[in-house]
Structure formats: structure tokens, C-alpha cells
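Open the model in your viewer and show it as a cartoon.

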Amino acid sequence: LSGKAVAPAIRAFNIVLSENLFVIHDDMDIDFGNQKIKSGGRDAGHKGIRSIIAETGTSEFYRIKLGIGKPGQNCKPENYVLDKFLDEERTFIDNVWCSQWNNLVEKLLCDGIEKTMSIYNKRRQKE
């Protein structure tokens, strides 16, 4: 039901979706630890994105997708996305994603979306 919160905020702050709305969300189609920045497109099965598109009437906004990987064979996707992170995943989030976040925002503000996409859409190297 994300769109129920996003749509009123857009109206209240007069946000131009195609230029100034960035939605940050999980993505099971991206390996854990990777990220992707995208502009527009379909919901790709993500219920929160589907809700935002339905409530705003457009898919023309930026998405910052944070890869969480796919669930195991016996795990339902809805359970997987709501489950707690493993200890090593939590460590990565606390130490890597958090430190990258300030850099990503600064890059967006200073260099624009295209340059930021070219940098942050690269896959994280497996260690």
C-alpha cells in the first residue's frame, strides 16, 4: 500500500515525479549486496511499486533497487522479504550499504542521475 502514502506526499509537496521522486525498495531479482538505479518501467511484480504506480497514475519515477537475492526453494517470496537478515547480511548492510548511501546521494545531487546510474549499476564484485 506504499502508494497510499506516496500520492498525498507528492501532492502536498508539489513533486514532479519524473524528476524528483526516488523510491528505494528491495529487489529479489538482484543479487544481495548489489544495487540498481532505474527510471520508469513496470512494477516487475513488486507490490509496493505497483501500488505507487496505481495511486500516482504513472510509472515515471526513479527507483533505487537494493538487491536481496532470491528465496530458497521452500520459502515463499512474501515470507522471504519480511524475514530477518542473516548476521553476515546485517554486517554488510551496516558496514557497506550505509557507507555507500551518503556517496550515492551526494553523487545524485552533484552529478545527476545518468552519471550516478553508470557508477552504481555496476555489480559488486564477489569477495
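Here is the tour, one selection at a time, through a predicted model.

**Stop 1: the whole protein.** Select everything and colour by secondary structure. Follow the chain from the N terminus: the elements run α-α-β-β-α-β-α-α-α. Along its principal axes it spans about 40 × 35 × 20 Å.

Stop 2: How much of the protein counts as buried? Of the 127 residues, 31% do. Next, think about which parts of the chain touch. Take the contacts with a separation of 6 or more: residues 24 or more positions apart account for 71% of them.

**Stop 3: the largest pocket.** Select Met-28, Gly-45, His-46, Lys-47 and Val-81. Of the 21 residues that line the largest pocket, these lie nearest its centre. The pocket has a volume of about 440 Å³. Now colour β1 (22-27), α3 (47-56), β3 (62-67) and α4 (77-82). Each supplies at least two residues of this pocket's lining. Which element gives the largest share? That is α4, with four residues. Colour the lining by class, and you get seven nonpolar, four polar and ten charged residues.

**Stop 4: the second largest pocket.** Select Leu-66, Ile-93, Trp-97, Cys-98 and Trp-101. They lie nearest the centre of the second largest pocket, which is lined by 14 residues. Two or more lining residues come from each of β1, β3 and α5 (87-111). The largest share, six residues, comes from α5. The volume here is about 220 Å³. By class, this lining has ten nonpolar, three polar and one charged residues.

**Stop 5: cysteines.** Select Cys-75 and Cys-110. Are they buried or exposed? Cys-75 is partly exposed, with a relative accessible area of 30%. Cys-110 counts as exposed, at 58% relative accessibility. Now look for disulfides. A disulfide is a covalent bond between the sulfur atoms of two cysteines. To count as one here, the two sulfur atoms must lie within 2.5 Å. By this rule the count is zero disulfides.

Notes: Residues are numbered from 1 along each chain as its sequence is written. This is a predicted model: local features need pLDDT of at least 70, side-chain atom pairs count only at pLDDT 80 or more; totals for chains, interfaces and linings use all residues. Side-chain values use heavy atoms; hydrogens and water are left out. Buried means under 20% relative accessible area, exposed over 50%, partly exposed in between (1.4 Å probe, protein chains only). On a 1 Å grid over the protein atoms alone, a cavity is a set of points where a 1.4 Å probe fits but cannot get out, and a pocket is an open set with protein on both sides within 12 Å along at least five of seven lines; lining residues have an atom within 4 Å of a point. Grid points are joined across faces, edges and corners, and a volume is the space filled by probe spheres set on the points. Ala, Val, Leu, Ile, Met, Phe, Trp, Tyr, Cys and Pro count as nonpolar, Asp, Glu, Lys and Arg as charged, and the others, Gly among them, as polar. Contact means heavy atoms within 4.5 Å.
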